[in-house]
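Good morning, colleagues. Please take a moment with the sequence and the model on the screen before I comment on them.

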Amino acid sequence: MAGAKEFDPAMRERISRALVHADEQSLRAALDQQPDDVNAAISLARALLARNSPDEALQVLNAVLLVAPGNLRALNAKGVVLDQQGRHEEAQVLYRQGLAIEPTNSMLRNNLELSTTLEGKTGSRNVNQELQTGDQKALARSRSHSQQR
C-alpha cells in the first residue's frame with residue numbers, strides 16, 4: 001500500500017480485524033464443505049487463539065477429530081490448546097494417543113515433554129507466556145509437518 005503511512009493506527013487495527021474476520025469466515029466455509037480439512041481447522045484454531053477464543057478453537061478441533069480421529073496434527077493442535085488453558089493432563093493424553101500411532105513423531109514428543117514440564121511449574125508467572133509462545137511454535141510445526149507429507 002503506497003500511502004500506508006497515512007493511515008492512523010485505529011484505521012490499521014480496523015483493517016486488520018476485518019481481514020482476520022474474513023479469513024475466519026473463509027476457513028469456516030472450507031470446513032463446512034470439507035469437514036476433514038485439518039489444514040483449515042488448524043489455521044482457524046490458530047486465528048481463534050490469536051483473538052483469545054480457546055473454547056471456540058477446541059470446538060473446531062473437536063469437530064475435525066470426529067471425522068479424522070487419528071490425525072496426528074489435529075491431536076497435537078488440540079493438545080496445544082488444552083495446554084494453553086492449563087489442562088495439561090488432558091493434553092498429555094492426546095499427545096500419548098498420537099505417539100501410540102506414530103512413536104517417533106518429534107512434534108508430539110516435544111509437546112508432551114513441554115506439557116509435563118509446564119504441569120510441574122505451579123505458580124510461575126512465565127508459564128502462560130511460555131505456553132503462548134510454544135503454542136504458536138507447536139501449531140506452526142503442525143502446519144510444516146503436513147507440508148512434508
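The mean pLDDT of the protein chain, that is, the predictor's confidence in each residue from 0 to 100, is 80, and 67% of the residues reach 70 or more. This is a predicted model, in which local features need pLDDT of at least 70, side-chain atom pairs count only at pLDDT 80 or more, and totals for chains, interfaces and linings use all residues. Residues are numbered from 1 along each chain as its sequence is written, and side-chain values use heavy atoms, with hydrogens and water left out.

Helices here are DSSP runs of H or I with at least four residues, numbered from the N terminus. Over residues 122-131 pLDDT stays under 50, and the model has 9 contacts for them beyond four places in sequence, a contact being heavy atoms within 4.5 Å. Residues 143-149 are also below 50, with 12 contacts beyond near neighbours in sequence. Where pLDDT is low, the predicted coordinates should not be read in detail.

The largest nonpolar core comprises 29 residues, and L31, L44, A57, V60, L61, V81 and Y95 have the most contacts inside it. Such a core is a set of buried Ala, Val, Leu, Ile, Met, Phe, Trp, Tyr and Cys residues joined through side-chain atoms within 4.5 Å; buried means under 20% relative accessible area, exposed over 50%, and partly exposed in between, with a 1.4 Å probe and protein chains only. Helix 1 (9-33), helix 2 (38-50), helix 3, helix 4 (72-84), helix 5 (88-101) and helix 6 (106-120) each supply at least two of its residues. Helix 2 gives the largest share, 8 residues. Beyond its neighbours within four places in sequence, L44 contacts E24, L27, R28, L31 and V60.

Which residues of helix 5 are buried? They are H88, A91, Q92, L94, Y95, G98 and L99. Seen down the axis of helix 5, these buried residues fall within an arc of 160°, taken from the directions from the axis to the C-beta atoms, so they line one face of the helix. On the other side, E89, V93 and A100 are exposed.

Finally, R109 is found in helix 6 and is partly exposed, at 37% relative accessible area. Leaving aside neighbours within four places in sequence, R109 is in contact with L99 and P103. R109 and Q92 lie 17 residues apart in sequence and 9.9 Å apart in space, C-alpha to C-alpha.
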